[in-house]
Amino acid sequence: DKPLPVKTEVLVIGGGFTGTSAALQLAKNGAQVTLLEAQTIGYEASSRNGGQALSCLHHTLAETVHQHGKELAREMFLAAVEAANTVERIVTEEGIECDFVRCGSIEAASKPAHFERLKREHEVLKEVAGFDTLLLGKDQVRSELGTDAYQGLLVNPRSGSVQPAKFVRGMAEAAERAGAGIQEGVRVKNIERRENQMDGTRFKVQTEAGVIEAKEVILATNAWTGNLIPQFKMRVFPAESYIIATEPLNEELAGRLIRNNRVVYDTRNLVAYYRLSPERRMTWGGELSMKGASPQWNISALRNGMMRVFPELASARLDYYWGGTLALTLDENTHAGMVDGMWYSMAYVGHGVTLATYLGRQMANGILGSPVDNPFDNLKIPLVPPYRESAWFVNIGKLWNRFLDVFG
């Protein structure tokens, strides 16, 4: 165990996609950077997610235009497109072996009304962002997916698929090769602002391994940002997402279920998201899986969701079950900017593989004095109901979404 340095130019707190991407960009451009991670690199949702490198936002572009106006919505969407390009660029430049493939994503309409929404989205994407998607009606679903469960599909050709744990570790290793100091198992307890220090250090940071001083701090702590920064305390909260993976499927079956090997998610409030892993395991996440529920409950919720779409998988053996913690805000927007002189980026709502990687790099650019593209800058974050450790209202929200999916 190497000792904690006494000083660093830039301290990055958090070793997921945001932090490792920021550290990589900083180190490659000559900054002295130290990254501290309380657990291990990629410990939560950065390594334990569904591996979808999506080239779009959580909200539809139509909703984003409604929320933020056409100009900002276009910038946000194009940042998400550039985020997928950035992942591909990093994987290529750094030679990261993480099964990255630009396979495209499918948004699958669970109800007729949802397909009408996809039709509108197809038009808005073209009109507002100049972005081409492929719209497939109910009679064309089987050209992509071996199921009758959907009313139509919207195909985004720019999304990708990735093994997330290999990708986040690959970025950390590349950052270290470029000169970043990375320390795992070091939890930050407190950050203190300092004024008028002769050497330009502005922050004194207490960790479990001692004190470190820094000129710049990047908060890449996502779901746990509220534990460190009071302004985020009742605004950013952790939510769990759970996933199962089947045994490897035979080639014929796998090719029939997801014809062009794309990543898929549906339009329900309680979304299901799935893809085939490189060894052809059906990897299925979302559904009514809840924190605090038994593994059996969550596994059965996920398996039932999978069988609803692909009844042929009823007899498939399940080999894996896992979950990771991500950050949510009530407005379900990504948030990045500055607070008390520190840089932060968080709350990617299931699009963290691409957006966190991209925005980590943008925070680094801000420190380096390079151009920054951050259309998510300082959006107001709504307050959430008071909660203790477990965000009970996340589960209530999931139950309400299930109700809306059934009766809405």
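1. Two strands are said to pair if DSSP finds at least two bridges between them. Helices (H or I, at least four residues) and strands (E, at least two) are DSSP runs, numbered from the N terminus. The model is a predicted one, in which local features need pLDDT of at least 70, side-chain atom pairs count only at pLDDT 80 or more, and totals for chains, interfaces and linings use all residues. Residues are numbered from 1 along each chain as its sequence is written, and side-chain values use heavy atoms, with hydrogens and water left out.

2. Strand S10 (residues 203-207) runs antiparallel to S11, and five bridges join them. Within this pairing, phenylalanine 203 lies opposite alanine 214 of S11. The two strands make a hairpin, with two residues between them.

3. Strand S1 (residues 7-13) is joined to S11 by six bridges, and these strands run parallel. Valine 10 has glutamate 216 in S11 as its bridge partner.

4. S11 also pairs with strand S18 (residues 342-346), in the parallel sense and over two bridges. Here leucine 219 stands opposite tyrosine 344 of S18.

5. Helix H3 covers residues 70-94, which is 25 residues. From its first C-alpha to its last it reaches 36 Å, close to the expected 36 Å (1.5 Å times one less than its number of residues). Glycine 95 follows H3 and has a positive phi, near 60°.
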